[in-house]
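Here is a short briefing to read alongside the structure. Keep the viewer open as you go, and hop between topics as you like.

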Amino acid sequence: MADSAPQTEGKTDTGDTAGPGGGRRDAGPGLFIGRLFGVPVFVSPSWFLVAIVVTIMFEGQVNGVVSRPASFAVAFTYAVLLYGSVFVHELSHAVTALRLGLPVRHVTLHILGGETSIEREAPTPGREFLIAFAGPLVNLVLAGLGVLAHLLLPLPPVGLLLVDALTFANLLVGLFNLLPGLPLDGGRLVRAAVWKFTGRSRNGAVFAGWVGRGVAVLCLLAGAFIATYRIDGTGGAGFGWLGLLWSALIASFIWVGAGQAIRAERVRDRIPLLDARRLARRATLVTAETPVSEAVRRAHHDHSGALVVVDGDGRPRGLVNEKAVQATPEQRRPWISIGDLSRGLEPDLTLPADLTGEDLIAALRRAPASEYLLLDTDGRVYGVLVAADVDRAFAGV
């Protein structure tokens, strides 16, 4: 199972991702099952597929201790307990983040383990380290408790089988997530270390991202080796195609996550260059009763790229959606008022024209929309900021 340590926008792993929680059953990345510490918990439909696969695979071992059909029930119990360990891993990320003052969006269990989506990036390398290390540490502690249970408790055969299997699984998940590459927890530990050494979080993220790509390649090669390895000298096959498929899935997860981390830093480099004034489109002011055809004619005459609806006193009242205008047939434009294609000006859709960088991004995130009205320092309309233009600036177009 794979696990990724927490990030600003979220992450994926065999145990983690965090985010803020509310009090209602918000839509999320799966089936909502409840809240812990105020954090919404979701189960992706893909988890049920994995539960079935784990049950079928583990039933072969259980059948040597318990006869069918009870062996299937025990195997399914193992699948649930296995993901219980993953959930505790994710929850440890979430709780640590909350204790350090970082809001958590949600925790999700899915086909590759789990994900903890955290609202903001850790402000210091020390906090980044603590949040990332919390998950693997919990798995290693659970593995240690499993060893103690095996040695000290008089367990029945079924109990012993479950304890041993879960001990091995927690040890594997804990060690795997400590591999030194993003998006795994170990990659976030590397990021924190490089960040501490260089003083720049970007350096740590890029370095750990490239290491993560190397880890992905090694996982794929290891899977290929295990798939063809002979367990004994009599020709007994190893894990075969299933092991190869699973390793390829894990490798692709790590490769994609590492690539996303590297790209995210490249995007972050562009944030300081964002300037609302530079990205703004010149706006033509029209009243709501103006026919669409006349409004478009005026915009062409003014060489503007946006339309703002104003009242009789020239005060802005609405923003015209560019796509709505484009979707209106030419022959109908003289008979449709531009106000019918406009959106009322909500408070968060009016922004100062001087916004730049992180402040501009934060303002757009507060109220996602296609257009925003920009006002100059004297209260006059400066222009219109179109979200698509900001996206192109991010992409470097």
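Helix α3 passes helix α5 in a left-handed crossing. This is a predicted model, and in it the axes of α3 (residues 125–152) and α5 (residues 185–198) come within 8 Å, crossing at roughly 160 degrees. An angle over 145 degrees counts as roughly antiparallel, so α3 is roughly antiparallel to α5.

**The α3 and α5 contact**

- On the α3 side, the contact is made by Pro125, Glu128, Phe129, Ala132, Phe133 and Pro136.
- On the α5 side, the partners are Asp185, Arg188, Leu189, Arg191, Ala192, Trp195 and Lys196.

**Other helix pairs**

- Helix α1 (residues 45–62) and helix α2 (residues 70–99) have axes that come within 8 Å and cross at roughly 130 degrees, which makes α1 oblique to α2.
- The crossing of α1 past α2 is right-handed.
- From α1, the residues in this contact are Trp47, Val50, Ala51, Val54, Thr55, Phe58, Glu59 and Val62; from α2, they include Phe72, Phe76, Tyr78 and Tyr83.
- Helix α2 also pairs with α3: their axes come within 8 Å and cross at roughly 145 degrees, and this crossing is right-handed.
- Where α2 meets α3, the α2 residues are Ser85, Val88, His89, Ser92, His93, Thr96 and Ala97.
- Facing them from α3 are Leu130, Ile131, Ala132, Ala134, Gly135, Pro136, Val138, Asn139 and Leu142.

**Annotated transmembrane regions**

- An unreviewed UniProt entry lists "transmembrane region" for residues 32–58, 70–89, 129–153, 165–184, 205–227 and 239–258.
- For one of these, residues 129–153, the model is 96% helix and 0% strand, with the end C-alpha atoms 35 Å apart.
- Another listed span, residues 165–184, is 60% helix and 0% strand, and its end C-alpha atoms lie 23 Å apart.

**Cis peptide bonds**

- Most peptide bonds are trans, and this model has exceptions to inspect.
- Arg68 and Pro69 are joined by a cis peptide bond, with omega about 5 degrees; Pro69 lies in the loop between α1 and α2.
- Leu182 and Pro183 are likewise linked by a cis bond, with omega near 10 degrees; Pro183 sits in the loop between α4 (157–176) and α5.

- Most residues other than glycine have a negative phi.
- Phe37 has a phi near 55 degrees, a positive value in a residue other than glycine.
- Phe37 is found in the loop between β2 and β3, and it is exposed, with a relative accessible area of 59%.
- Gly38 is partly exposed, at a relative accessible area of 36%.
- Although Gly38 and Val104 are 66 residues apart along the chain, their C-alpha atoms are separated by 8.8 Å.
- His303 is another non-glycine residue with a positive phi, about 55 degrees.
- His303 is placed in the loop between α9 (292–302) and β7 (306–310), where it counts as exposed at 69% relative accessibility.

**Arg298 in helix α9**

- Arg298 belongs to helix α9 and is partly exposed, with a relative accessible area of 32%.
- Setting aside neighbours within four places in sequence, Arg298 is in contact with Thr284, Leu285, Val286 and Thr290.
- The C-alpha atoms of Arg298 and Leu285 are separated by 9.0 Å, and the two residues are 13 apart along the chain.

**The chain as a whole**

- The protein chain has 12 helices and 12 strands.
- Of its 397 residues, 46% are buried.
- Among contacts between residues at least 6 apart in sequence, 63% join residues at least 24 apart.
- The chain exposes about 19,900 Å², of which carbon and sulfur atoms supply 64%.

How values were computed
Residues numbered from 1 in each chain as written. Predicted model: local features only at pLDDT ≥ 70, side-chain atom pairs only at ≥ 80, totals over all residues. Heavy atoms only, no water. UniProt positions renumbered as here; feature names shortened; annotations may be inferred. Helix = DSSP H or I, 4+ residues; strand = E, 2+ residues; numbered from the N terminus. Buried < 20%, exposed > 50% of the residue type's maximum accessible area, 1.4 Å probe, protein only. Contact = heavy atoms within 4.5 Å. Areas by Shrake-Rupley, 256 points an atom, 1.4 Å probe, with all protein chains shown as cover. Axes fitted to C-alpha atoms, helices over the stretch in contact; angles between N-to-C directions. Parallel < 35°, antiparallel > 145°, perpendicular 65-115°, else oblique. Left-handed = near helix turned anticlockwise from the far one by under 90°.
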